[in-house]
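Welcome, and thanks for opening the viewer. Please load the model below, and we will go from stop to stop together.

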Amino acid sequence: MEWDRVGQPGFDRIVEALVHRVYDATAHVEAVNGRGGDDGIDIKVTHRSRVRIFQLKYYPDGFPTTAHKGRRKSIRQSFSRALQHQPWEWILVVPCTLTTAEREFVTSLAAGQTVRVGVWDRAKLDGLLAIHADLEASFTRNQLFEAAKVYGQERALLMNGVRDVSARVTALGRQVDGLDDHWTVDFARQGKTVVHTLRGKHPRAHEVSPVEITLTGNGSLTPDLAQAVRRSLGFGLPEEVVLPRGAVEILTVSGPEWLSGEHRDVEVRWQPADKVPLAETVVEVAFFDGEHVTACYPGTLAHVGRGSVGRSVRVDLAGGSPEFDDPCVVRRFGLAAVHVFAGEAGARGRAASAADL
């Protein structure tokens, strides 16, 4: 990264993206717009009761005492303003390699204070960009030009066979990774169909850069399809639902600019997320006639779901796997209740109603 050429706005954007990438998974990151006065904060990272403040100074040639004498005064003033927020750590971020004297000046700010003081200089920033290479790509590459070159290679003869396929798919993947700070797309070819799978680059991608999908229907759903939608979205049952092309008028994706758009003439499928294995939790399915138990069957818990209407439970019994649209439901057999016993299969602890699930 040529830090002396990126300019102040570019420097700020790169550092903000790096701080988000480093801390988003464990803390709340907030970049402060300094147009109204940043009050000593450029970026604020909050982890429980600890506050870490980043102060960004675009000084490509440092802050020596022989020149730019006002820079050290500016750093000291920013540090003093930041202390009003009682930070646990204060970090100065600069796009240069500090001299020994410059580093000693920064660390001396902590004298007599309880706050920790650190520096992210050029070496630190270069190291973080090496780890998160896709961020560097998103800021330094002409994405359209690079993508066009890769696309041209896909049409070339694959003289080295499968090895060329792997190399070129990998190169295309790197271009895709550089499209966005928070999201990327995994892709696969299945016959004449290319499948795109949206994937977050970090655990909080959906919070930092939310993606919304809106379906506009094309008339009423058939009774069977309406029931399938209700079971899946209403109660969280783990079933695939297919909306055929005739049922969907528009599919709208809202999010990052490169991903957003409207799609027509589409078939929509949603499937349950990868199943999280349940411990072999012992359950009993009991049928009641009033307050009297008429039948009781032991089994294990196979699925617990939740939707916009209620919850669902699926139980594996010796004779089958009944489903309940709510932990306690009225069926033609009478009132059915699922009781869960803590612990592994074969071990019984305190009985709890499935309403506690």
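Before the first selection, one convention: axes are lines fitted to C-alpha atoms, for helices over the stretch in contact, and angles run from 0 to 180 degrees between N-to-C directions. This is a predicted model, in which local features need pLDDT of at least 70, side-chain atom pairs count only at pLDDT 80 or more, and totals for chains, interfaces and linings use all residues. Residues are numbered from 1 along each chain as its sequence is written, and side-chain values use heavy atoms, with hydrogens and water left out.

**Stop 1: α1 and α5**

Select residues 3-23 for helix α1 and residues 133-140 for helix α5. Helices here are DSSP runs (H or I, at least four residues), strands likewise (E, at least two), numbered from the N terminus. The two axes come within 11 Å and cross at roughly 155 degrees. Now show side chains: R13, I14, A17, L18 and R21 of α1 meet D134, L135 and F139 of α5, where contact means heavy atoms within 4.5 Å. By class, this contact has five nonpolar, no polar and three charged residues (Ala, Val, Leu, Ile, Met, Phe, Trp, Tyr, Cys and Pro are nonpolar; Asp, Glu, Lys and Arg are charged; the others, Gly among them, are polar).

**Stop 2: α4 and α5**

Look for L129, A130 and I131 of α4 against A133, L135 and E136 of α5.

**Stop 3: α2 and α3**

Next, select residues 69-83 (α2) and 100-108 (α3), which pack at about 25 degrees with their axes 11 Å apart. α2 and α3 are therefore roughly parallel to each other. R72, I75 and R76 of α2 make the contact with A101, E102 and F105 of α3.

**Stop 4: the largest pocket**

How much space lies in the largest pocket? About 1,400 Å³. A pocket is an open set of points on a 1 Å grid over the protein atoms alone where a 1.4 Å probe fits, with protein on both sides within 12 Å along at least five of seven lines; lining residues have an atom within 4 Å of a point. The volume is the space filled by probe spheres set on the points, which are joined across faces, edges and corners. Select H196, I213, L251, V268 and R269, the closest to its centre of the 26 lining residues. Finally, colour β7 (193-200), which gives the most to the lining, with six residues.

How values were computed. Angles under 35 degrees count as roughly parallel, over 145 as roughly antiparallel, 65 to 115 as roughly perpendicular and the rest as oblique.
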